[in-house]
Amino acid sequence: MQLLQSPAMRPLYLSYCFSSSRYLATITFSSSSSNLLPRPILPTFRTNHGFNSTPSRSRLSIRNCSSISAKPSSELRRKKGSPDSSESDDTKLRALRQLFSKPAIGIDAYVIPSQDAHQSEFIAECYMRRGFISGFTGSAGTAVVTKDKAALWTDGRYFLQAEKQLNSSWTLMRAGNVGVPTASEWLNDVLAPGAKVAIDPFLFSFDAAEELKDDIAKKNHELVYLYDVNLVDEIWKYSRPDPPNAPIRVHELKYAGVDVASKLSSLRSQLAGAGCSAIVVSMLDEIAWLLNLRGGDVPHSPVMYAYLVVTMDDSKLFVDSSKVTPQVLIHLKNAGVELRPYGSILSEIESLAFKGTELWLDPSSINAAIVNTYKAACEKHLEGLGSEGTGKSKNREVSNGSSGQSWGPSGVYRASPISLAKAVKNASELEGMRNAHLRDAAALAQFWAWLEDVIHEGAKLTEVDVSDKLLEFRKKQDGFIDTSFDTISGSGANGAIIHYTPEPENCSIVDPKKLFLLDSGAQYIDGTTDITRTVHFGEPTAHEKECFTRVLQGHIALDEAVFPGTTVGFVLDAFARSFLWKIGLDYRHGTGHGVGAALNVHEGPQSISFRHGNTTPLQKGMIVSNEPGYYEDHAFGIRIENLLHVKEANTPYRFGGISYLAFEKLTFVPIQNKMVEVSLLSDAEINWLNDYHAQVWEKVSPLVEGSASQWLWDNTRPLVRQ
């Protein structure tokens, strides 16, 4: 599955401060650039962490919205924040605007991002506010509503989808296209100077909020933080989905590889080295990984809504206690982790500041409400020290020794140390990923054998029928938990919608005379999968074959890459594009994202993208996707995706004394030979494809039988020149 790496309002990049979503990951937008996990589509983040708006001390409660099980698409009606059939988008906009003029609010515009309070890519239905207000259900985008206008920004993956889902009250802003303003530029243009633009500070990272504040200040606009109310929630009211309440489970040590005590000890060593005495962790996958826990609060991602505070002496998990099973309670107690109510996180932050605690905060992922609470409490703490000092000696200054700086906590603002630790898989995590991919390959072999048979028999199947059947096959595999994202099942023109999700009421019939793109993945107890294949059930055109073959050549080039251990992902991105470039073609997304081990399908900090803002080098133990593609709007889409493990390369030399790296394949599912224009391939490329198919047969054939075994045999035969 491809994460956001297309151009945005400004060039966007994936800065995975937890990916990487993809990934954020987090996806941010910058005047520099890089790769993948969605953050709000807003301007770039800066490193100036000045404090602005101060939350009142009474605002110390969190608006809580705290089981996900895999369901076929045919059962998921009006999901992902899609419009309520009883309430039109126009009605929602009118109701939202009426709130602008209320005395306690008094604003001119409201910005609605895609994220929850943890900057998650996938979120619980009760947090899908942007989808509810706009009707656009893509995973990335930002809605901005003024008193008389409404606009939505999204990236190239979702242009076609947004065109279909937005009504005439909305203006689609195709982020990254020439002449398209950023959200802040648009606000500066349409609002009279001195306007008030409001946000929910729980839904914006501190960096994103500061960037927006700085940009709109150019026209003397004020950024207003609405701590106590979310305006979309006010109009959503009783139709808002119930909060998730899935039980948390222990992620067994045989899959995790490292116990919680060891992980916490390593984290505390990093805190000490940075001069910190505590860290606030808000990224849900970081919490799950660090504590060896998994949850079911979010579709496709085995995480639970929680915050974690780790000090040098203790750890506190802020979570709905109804989700904590007796087994989990024992697990946490043994690791020295205490439970606290989810909604009490701001009170804890304030308390830590009053104690003089120097907090490590990742400003790209920690929400603005938390950071502002900490900064406000630090200032009050410092004022108290100053008053105390004045009382004792009017000549006494409150200072920090020879540095001359004010004494007291101020926070350390840098990327979360957990992000990289999580991205570099240990031996047990890698073993689980390999095993999960083989079981997944068996399910896919069974599925493709079934699909080809029924299509050739003339069955009329919708894209949703196909997606649901794939889920049936995956559910039969040991350790299956959920899909890792909504299956992208696109026939013909729908395949050109990069993140297309078919819906039962308006999807297409799978046309045997057109290309069919299937991008899918699964969550297993021991690993996470993500795979894309593009096939034709009849005879592809010469143009389709050429495009497919050039995508395949790029896929092969990246798979075979050998590179220095200091290499960042954007250096490798051109390997996958160069064969398309030769005939003037390209694709609007990055080539690879990080993948979690039995965790989020999109993670960071690594990525492979043409955007160069992500400077995280690939490291041994990381997992990335390899997924070049090509898309012709209103015609077809092509993508070929495998997951790769970064391994040490066996090179005869080590220039500069550094190690060299290469990739090991984790995905073993045939690539359709029918789609290949053999005349375009070199002998080495043909050998790669044949060797890959030999490995697929060797590894997967023992796991299937009957028609699936025959299909696997037929589709792994060597490709030869005519």
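**Strand pairing and aromatic contacts in the predicted model**

Strands S3 (residues 109–112) and S4 are joined by 4 bridges and run antiparallel. Within this pairing, Val-111 has Val-144 of S4 as its bridge partner. The model described here is predicted.

Aromatic pairs number 17 in the structure. One of them joins Trp-153 and Trp-186 in an edge-to-face arrangement, with 5.5 Å between centres and 75° between the planes. Because Trp-153 belongs to strand S5 and Trp-186 to helix H4 (residues 183–190), this pair ties together parts that are 33 residues apart in sequence. Trp-153 and Trp-186 are both buried.

A further aromatic pair, formed by Phe-516 and Phe-537, is tilted, with a centre-to-centre distance of 6.0 Å and 35° between the planes. Phe-516 lies in strand S19 (residues 515–520), whereas Phe-537 is found in the loop between strand S22 (531–536) and helix H16 (542–559); the two are 21 residues apart. Phe-516 has a relative accessibility of 0% and therefore counts as buried. Phe-537 is likewise buried, its relative accessible area being 7%. Both rings belong to one aromatic cluster, together with Phe-447, Trp-448 and Trp-450.

An open sheet of 3 strands is arranged in the order S17-S20-S21, with antiparallel pairing. Strands S17 (480–483) and S21 (527–528) stand at the edges and have a single partner strand each, so one side of each is left without a neighbour in the sheet. The antiparallel pairing of S17 with strand S20 (residues 522–524) extends over 3 bridges, and Asp-482 stands opposite Gln-523 in S20. Helix H15 (residues 463–475) packs on this sheet and touches S17 and S20. The direction of H15 makes about 160° with that of S17.

Lysine residues also lie over aromatic rings. Lys-263 is placed over the face of Trp-289, at 4.0 Å from the ring centre. Lys-699 lies over the face of Phe-668, with a distance of 5.2 Å from the ring centre.

How values were computed: Residues numbered from 1 in each chain as written. Predicted model: local features only at pLDDT ≥ 70, side-chain atom pairs only at ≥ 80, totals over all residues. Heavy atoms only, no water. Pairing = 2+ DSSP bridges. Contact = heavy atoms within 4.5 Å. Axes fitted to C-alpha atoms, helices over the stretch in contact; angles between N-to-C directions. Phe/Tyr/Trp six-rings, centres within 6.5 Å; stacked < 30°, edge-to-face > 60°. Buried < 20%, exposed > 50% of the residue type's maximum accessible area, 1.4 Å probe, protein only. Lys NZ or Arg CZ within 6 Å of the ring centre and 35° of its normal.
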